[in-house]
Amino acid sequence: MTDQHEPRVAVVTGGGSGIGRAIARRLAADGLTVAIVDLNAAAAEAVAEELHAEGHAAAAFGDVDVSDRALVNAAIERVRTELGPPLVLVNNAGLQGFDKFLSITDETWDRIMAINLNGPFYLCQAVLPDMIEAGWGRIVNISSSSAQGGQPFMTHYVSSKAGLIGLTKALALEFGPKGITVNTIPPGFIDTPMLRDSESKGLLGGKVEDHETRTPVRRIGTPDDIANACSFLVDERSGYITGQVIGVNGGRNT
Ligand code: NAP
């Protein structure tokens, strides 16, 4: 086991924006040392600076495309050397897509799969040896409620996120005996730049706020809603929760 008094190191991909930023902030407030891994270097740096200003331990690892195994391995090696062994991993970076099914090109399909499914595959392979050595680890994969209920014109995205749910369940069974839990949060309708981008393209059938009345708890989700669930799942006390799909969606999917 690791020394329980050492701050654990958490890797959060896509930690420069939206849900990932909220998760990075929440885990830092919980006392973890946070590695913000993002394609967007400026955004990752900005979040790290925010956390430093608040007295938290964090570092930015920018220009890391999670779909590139060599970049992922290099980033995790830097995390290990500069911060310590990564014992918490949140696979959050993701790319959405809207296309009629018959119009999806191989390139678009492959790009979405590469980021949303290959990325978590590479990240998990990069950090699991550290977790196995420590006899302790927490992995949280951010999938999507669209993988639970389906979503028209998002077959590539939905398929990638459904794959992430399968990855979660299989990994949980393989690594449970090593003290490592693996769970997935499929968010539903969370107010982030990604959601507002969909709104601006007219893909939501109206404004984000129009969906409040269609949501049982009568509000749109916030990045903190996801961050709070993630904080719970990576906590020491959540060791008996693994292989689970923990929906955070205001009741839109049950
Ligand atoms: P967001 O605001 O667009 O943030 C995503 C972050 O990931 C951005 O900083 C982005 O960088 C980064 N990123 C994109 N591609 C990357 C790559 N290849 N490698 C590394 N980093 C990359 O999105 P969000 O709404 O917070 O979504 C976070 C996760 O939640 C995604 O996996 C998404 O599919 C999932 N999700 C969101 C919702 C929702 O309602 N918002 C619902 C279901 C699931 P750039 O700025 O350079 O693009």
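Guide: Below, we take a few helices, some single residues and the ligand in turn. This is a predicted model in which local features need pLDDT of at least 70 and side-chain atom pairs count only at pLDDT 80 or more, while totals for chains, interfaces and linings use all residues. Residues are numbered from 1 along each chain as its sequence is written, and side-chain values use heavy atoms, with hydrogens and water left out.

Visitor: What makes α8 "mostly covered"?

Guide: Buried means under 20% relative accessible area, exposed means over 50%, and partly exposed is in between (1.4 Å probe, protein chains only). In α8, nine of the 12 residues are buried, among them Asp-225, Cys-230 and Leu-233. Their cover includes α1 (18–29), β4, β5 (137–142) and β6 (180–185).

Visitor: Why are the buried residues of α2 said to be on the same side?

Guide: The buried residues of α2 are Ala-43, Ala-44, Val-47, Ala-48 and Leu-51. They cover an arc of only 135 degrees around the axis, so they sit on the same side of α2; the arc is that of the directions from the helix axis to the C-beta atoms. An α-helix has 3.6 residues a turn, so residues three or four places apart point the same way. On the other side of α2, Ala-42 and Ala-53 are exposed.

Visitor: How do you know that the length of α2 fits, and what lies at its two ends?

Guide: The 13 residues of α2 (residues 41–53) should span 18 Å, and the end C-alpha atoms are 18 Å apart, so the two agree. At the start of α2, a side-chain oxygen of Asn-40 reaches to within 3.4 Å of the backbone nitrogen of Ala-42. After α2 comes Gly-55, with a positive phi near 85 degrees.

Visitor: Which residues of α3 are buried, and what do they pack against?

Guide: In α3, Val-72, Ala-75, Ile-76 and Val-79 are buried. Their arc is only 95 degrees around the axis, which puts them on the same side of α3. They pack against β1 (9–13), β2 (33–37), β3 (58–61), β4 (86–91) and α4 (106–134). The face turned away from the buried side carries the exposed residues Ala-70 and Thr-81.

Visitor: What makes Asp-68 a cap for α3?

Guide: A side-chain oxygen of Asp-68 lies 3.0 Å from the backbone nitrogen of Ala-70, at the N-terminal end of α3. A polar contact is a pair of N or O atoms within 3.5 Å; within protein, one must be able to donate a hydrogen and the other to accept it, and residues adjacent in sequence count only if both atoms are side-chain atoms.

Visitor: Why is Leu-173 called exposed, while Asn-183 is called buried?

Guide: Leu-173 has a relative accessible area of 71%, so it counts as exposed. Asn-183 has 1%, so it counts as buried. Leu-173 lies in helix α6 (residues 155–175), whereas Asn-183 is found in strand β6.

Visitor: What does Asn-183 touch?

Guide: Contact means heavy atoms within 4.5 Å. Not counting residues up to four places away in sequence, Asn-183 touches several residues, including Val-140, Thr-168 and Gly-243. The Asn-183 side chain also reaches the backbone oxygen of Ile-241 at 2.9 Å.

Visitor: Which residues come nearest to the ligand?

Guide: Of the 25 residues around the ligand, Ser-17, Asn-92, Tyr-157, Ile-190 and Thr-192 come nearest; near means that a heavy atom of the residue lies within 4 Å.

Key:
Helix = DSSP H or I, 4+ residues; strand = E, 2+ residues; numbered from the N terminus. Expected span 1.5 Å × (residues − 1).
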